[in-house]
Amino acid sequence: MSEMDRKGGASSDSRDPADEGLQVTRPHGTRRGMEPSSVRRFRLTVLEGPSPGTVWESGADRCSIGSHPLNDLVLDDETVSRFHCEVRIGTDGARVKDLDSLNGVVVDGVQVLESFLRGGSLLRLGRATVRFDFSSERNKLPLSDTTRLGSLVGTSAVMRACFARMERAAGTDVTVLLEGETGTGKSQAAQAIHQSSSRRDRPFLIVDCGAIPANLLESELFGHEKGAFTGAASRRVGAFEEAQGGTIFLDEIGEIPLELQAKLLRVLEERQIRRLGSNVHVPVDVRIIAATHRDLRAEVNAGRFRSDLFFRLAVVRISLPALRERPEDIPVIAEQLLAGAGADPERLAPLRTPEFLSRLQQFAWPGNVRELRNYLERCLVFEEAMPLSEEDGPAWNVPSTLSALPYPEARRRAIDEFERRYLQSLLERHQGKVAQAAAEAQMDRVYFYRLMRRHNLKP
Ligand SMILES: Nc1ncnc2c1ncn2[C@@H]1O[C@H](COP(=O)(O)OP(=O)(O)OP(=O)(O)O)[C@@H](O)[C@H]1O
């Protein structure tokens, strides 16, 4: 099993990265009890390739490397992708992640998608070689004092670091890019930022760019005049105008077609929109928050996302961590979900025992907090703690067919399986009534249909 197959934080695996020569910092209260609000500094030295001898010292917890000038460490070489990889240091050690680069990332002679790094590790990126070293100093990571922001709760250092960034973003009008796997709380984070901002009494408009057909998205965002296209029977104000003075939340921004990306970029630059079929520019005063479950830098490498739009959106980037990276948050999140379920205390009691909570912490939750919520709701319906492993079998216990695959492929398959089962059980519960099933899932109906098509499910 590679290092990356393991869950972060309170993994049940008893192996200790530090015992294997990895230099790590742990969250407060864990075995080695170090300060959670700081991470070790690290240094990258270019040994071969463009500008050999260049030394880059970390000022925070991550460094992006690539040939695009807006990377932290720029390697201007044709064999290096625009956003080649990212080095990140956390409470469980330092790791490098390939951002779908063309020539891949080779660490100490082994090609990797994601891998922990040791002091002295050599990274080969195309023709370039970079050495990774730990420094003796530490970088402080700003952590919020709060363990709750809007409807999000969390006591882990990673979550409190997110809260700190969200609080800072809320105090300004900057554009924010929220990243994270499905169900990690991106939509709730967007709402929390809006609610904590001076725009809280103005509209908060959500546009799910992944659920709206490409040909309708432009009109959804910018509006249209009567007769602008076949079917435009009357004038329509778009989301940007409707959100005037408030916030627009562009969910699944990675799904918007390239042609519309150019138009959105112009809106971000000029702060004015033009309805389809109109020549008039309307100024808009709107704060933009975007979210994606993709790594947009990999999308840029693949030519599917404009790099200039990425940089306009990512003025502040906030990555919501997967639930498996912060198992210490599970008891507080579960408590909040259970408290909101409105059930009798006797029915809740078995779901509040330390044994039950500890079992929840052992699972990987590929669907993250949304999946945890659904599981707890199922337990409440059946009035007992449902067996996690028997109920959910292969998706939970990572069968050897999955663990033998590279991580991205294994994750994609696990999520596919989760999505299929999730939709199936909802459809069964609602006797195939899609509108009802989508409403319970708090999912847009169009998106629900799209997922059904993807998984070949019939109502
Ligand atoms: N830290 C948290 N504390 C409490 N509840 C949470 C937390 N994170 C997520 N949730 C809950 O989990 C569910 C999913 O959250 P949300 O819809 O914001 O995720 P998302 O990342 O936007 O998902 P997707 O990418 O699929 O749209 C919601 O019910 C939300 O309230």
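Is Arg 236 buried, partly exposed or exposed? In this predicted model, Arg 236 is partly exposed, at a relative accessible area of 33%, where buried denotes under 20% relative accessible area, exposed over 50%, and partly exposed the range in between (1.4 Å probe, protein chains only). Residues are numbered from 1 along each chain as its sequence is written, and side-chain values rest on heavy atoms, with hydrogens and water left out. Local features require pLDDT of at least 70 and side-chain atom pairs count only at pLDDT 80 or more, whereas totals for chains, interfaces and linings use all residues.

The whole structure contains 30 salt bridges, each defined as a side-chain nitrogen of Lys or Arg within 4 Å of a carboxyl oxygen of Asp or Glu. One of them joins Glu 220 to Arg 236, with 3.5 Å between the closest N and O atoms. Glu 220 belongs to helix H3 (residues 214-222) and Arg 236 to strand E17 (residues 236-237), so the contact ties together parts 16 residues apart in sequence; helices (H or I, at least four residues) and strands (E, at least two) are DSSP runs numbered from the N terminus. Glu 220 is partly exposed, with a relative accessible area of 26%.

A salt bridge also connects Glu 181 and Arg 324 (2.4 Å, N to O). Glu 181 lies in the loop between strand E14 (176-179) and helix H2 (186-195), and Arg 324 in the loop between strand E22 (316-319) and helix H8 (330-339), 143 residues apart. Both Glu 181 and Arg 324 are buried.

Glu 225 pairs with Arg 275 at 3.2 Å between the closest N and O atoms. Arg 275 is buried, with a relative accessible area of 9%.
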